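Welcome! Here is a friendly walk through some helix contacts and ring pairs, with the terms explained along the way.

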Amino acid sequence: LFRSETKEAIKGYLENVAIKSASNGIRHFEVGNELERFPHPSVLGIYNWKKIDRYYMRLLKLSKSTLVNKYQELGEDQSPITIFSGLFSTDYNVDREWEISQPHNLDFLQKVLREIKDDMDDSDKTINDYFDIFNFHHYQGWKTLRTHINNLRNIFIEELGTNILDDLSFWATEIGLTNNDLTTGPFEVNDSSLGKVSFSCNGHSVQYESGVNESIVTGQTAEEAKNKCKDQFISNTIKESR
């Protein structure tokens, strides 16, 4: 369990957030962001980060109950909606031998869902006592998005049961879909000291060719290249929103 003082601190914080949010019509609360990425050494003395899945399950449940109770106390007609911390990535790791392994992100998700399932089995809780929306981030391109969504769906079914999906929404946020799908160029710009410099627009960054990097081109060259890439990615916003 959380230490009592930690639990009270979390509840106090959330109650203050609820008071300010309810008055402004805010109902959605994401509980953390990409938590599985940050096993910070400073917290190891307080929590065993190897048990982050268990702590996160408890944080979800505490957050939901605290927010719901506070909104009811405030006389709000609509209940708050809690959102699972944006999962960092849905991609798989591929090593040099082309062996595919499951990344820590999906391992974290599976473990949290198992903790939730165990806790649900020991109580009268439903999935919405923990969260209402599952939120994931996707930077791996259009070609794999459908596969990744299906994989996430299968993980939920395997760990929680098919019927659970009727009570949850899935949100895809931070959709950097063009990172792997769209490389435009090469283009050329004249650098005052290097001469013609070739570059491509890869994702939302400038990728120089032939060993050139931004640190050795002039500021004017770097700015021209960035502006060219910016022009290329105006349509990406439309693509990503679709």
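## Reading the model

A residue is called buried when its relative accessible area is under 20%, exposed when that is over 50%, and partly exposed in between (1.4 Å probe, protein chains only). This is a predicted model, in which local features need pLDDT of at least 70 and side-chain atom pairs count only at pLDDT 80 or more, while totals for chains, interfaces and linings use all residues. Residues are numbered from 1 along each chain as its sequence is written, and side-chain values use heavy atoms, with hydrogens and water left out.

Helices (H or I, at least four residues) and strands (E, at least two) are DSSP runs, numbered from the N terminus.

Phe170 sits in strand S6 (residues 169–175). Its relative accessibility is 30%, so Phe170 counts as partly exposed. Contact means heavy atoms within 4.5 Å; setting aside neighbours within four places in sequence, Phe170 touches Phe134, Leu152, Arg153, Phe156 and Leu165. The C-alpha atoms of Phe170 and Ile133 are 5.7 Å apart, although 37 residues separate the two along the chain.

Rings of Phe, Tyr and Trp (its six-membered ring) pair if their centres lie within 6.5 Å; planes under 30 degrees apart are stacked, over 60 edge-to-face, and the rest tilted. Such pairs join Phe170 with Tyr56, Phe84, Phe108, Phe131, Phe134, Phe136 and Phe156 in a cluster.

## Another ring pair

The count by this rule is 12 aromatic pairs. One of them, Phe187 with Phe199, is tilted, with 5.8 Å between centres and 40° between planes. Phe187 belongs to strand S7 (residues 183–191) and Phe199 to strand S8 (residues 195–202), 12 residues apart. Phe199 has 2% relative accessibility and therefore counts as buried.

## How the helices cross

Axes are lines fitted to C-alpha atoms, for helices over the stretch in contact, and angles run from 0 to 180 degrees between N-to-C directions. Angles under 35 degrees count as roughly parallel, over 145 as roughly antiparallel, 65 to 115 as roughly perpendicular and the rest as oblique. Helix H1 (residues 4–22) and helix H2 (residues 52–73) cross at roughly 45°, their axes coming within 9 Å, and H1 and H2 are therefore oblique to each other.

H2 also packs with helix H3 (residues 104–121), at about 55° and with axes 8 Å apart. That angle makes H2 oblique to H3. Among the residues in this contact are Tyr56 and Met57 of H2, and Phe108 and Val112 of H3.
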